Amino acid sequence: MGIEVVVEGLTMSFGKQNIWQDVTLTLPAGEVSVMLGPSGTGKTVFLKSLIGLLKPQRGRVLINGVDMVSSPERDIYETRKLFGLMFQDGALFGSMTLFDNIAFPLREHTRKRESEIRRIVMERIDLVGLLGSEGKLPGEISGGMRKRAGLARALVLDPQIVLCDEPDSGLDPVRTAYLSQLLIDLNARIDATMLIVTHNLDIAATVPDNMGMFFRRDLVAFGPREVLLTSEEPVVTQFLAGRREGPIGMSEEKDAALLAAEAAGPAGPATRRPGPPPGIVPQLEPSPGLPPRAAVARHRERVLGMLDRLPPAAQAAIRDNYAHHAPAPTVPLPAQGSGS
């Protein structure tokens with residue numbers, strides 16, 4: 001099973017520019033989480049802080065008792081091996097075949113024999129649907145294939161935490177749909193803790209167990225997907241509906257005067273779609289033949305335990321979801337009070 005990631009009071013600045021401040025959240029073990037936010041809100045910086053590649057000014061990132069901000073470098077280096085990181089562009093070496101790109105972490109960080117490396121690499125290539133392409137160079141394949149090769153490379157060290165930085169960037173809607181299913185199938189297979197940074201609303205609506213959003217140097221919210229999908233926060237409803245009207249501007253947030261003029265003008269409440277998008281799209285399920293996601297039962301128990309502390313709209317959506325999607329008998333709910 002994946003590992004819980006606990007973030008406490010994390011604050012990051014570059015010089016005088018404050019990126020985000022006092023970020024506190026927990027990525028539940030084995031669950032899939034998505035982080036949204038307009039461009040420039042520090043989502044990629046947040047991923048790099050989790051893995052210890054960037055050092056926030058304040059706060060902690062706790063993984064198995066190791067603080068990725070302030071623990072000794074030796075401990076951070078060892079803990080970093082628990083991660084698999086999928087970069088935006090795949091970050092493949094252009095002069096290496098896909099096989100050698102995917103094998104690189106094994107050759108760099110382990111003493112495995114080539115026969116064992118080949119077995120592992122071919123398993124991961126098969127997992128992401130690239131069998132037959134292992135001898136090709138990155139320049140000889142499509143962007144979507146490069147994304148999948150980058151994901152395969154992130155998986156060769158059997159990570160317990162997988163971070164995906166905008167895995168959909170540059171992909172058309174059909175390839176994005178395939179990628180979304182691949183991420184759910186991956187979670188069903190390896191039960192890793194996953195955090196996906198994305199702007200894509202289809203991924204946000206259908207893939208995660210949990211959702212968060214950055215805006216104005218703050219974490220607007222983080223919790224079960226229903227909390228954001230039913231939110232009436234103007235920045236959340238604007239982002240999820242893809243509207244111009246709202247706090248998010250072309251470069252950054254709009255000032256109070258512009259927001260007031262917007263609300264009073266012809267593009268005001270009379271013509272805007274109010275509130276969150278109607279209904280909540282069902283979450284993707286693993287492809288036929290794969291095991292059920294073990295995270296589903298853990299997430300259900302955890303969410304039911306916090307239900308009375310969630311906003312009323314989220315409570316209603318969760319109750320409706322669970323009423324229509326009872327857990328499969330092959331995945332019995334853990335007893336109340338048991339660990340996750």
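Two strands are taken to pair if DSSP finds at least two bridges between them, and helices (H or I, at least four residues) and strands (E, at least two) are DSSP runs, numbered from the N terminus. The structure is a predicted model, in which local features need pLDDT of at least 70 and side-chain atom pairs count only at pLDDT 80 or more, while totals for chains, interfaces and linings use all residues. Residues are numbered from 1 along each chain as its sequence is written, and side-chain values use heavy atoms, with hydrogens and water left out.

Strand β8 (residues 193-197) runs parallel to strand β7 (residues 161-165), to which 5 bridges join it, and within this pairing L163 has L195 of β8 as its bridge partner. Strand β3 (residues 32-36) is also parallel to β8 and is joined to it by 4 bridges, with V34 standing opposite I196.

Because 5 of the 5 residues of β8 are buried, the strand is largely enclosed by the rest of the structure, where buried means under 20% relative accessible area (1.4 Å probe, protein chains only). In a regular strand the side chains alternate between the two faces of the sheet. In β8, T193, L195 and V197 point one way, whereas M194 and I196 point the other way.

Together with β7 and β8, helix α6 (residues 173-190) makes a β-α-β unit that is right-handed, meaning that, with the strands pointing away from the viewer, the path from the first strand over the helix to the second runs clockwise. Among the buried residues of α6 are L179, L183 and L186, and the helix is followed by D191, whose phi is positive, near 55°.

Notes:
Buried means under 20% relative accessible area, exposed over 50%, partly exposed in between (1.4 Å probe, protein chains only).
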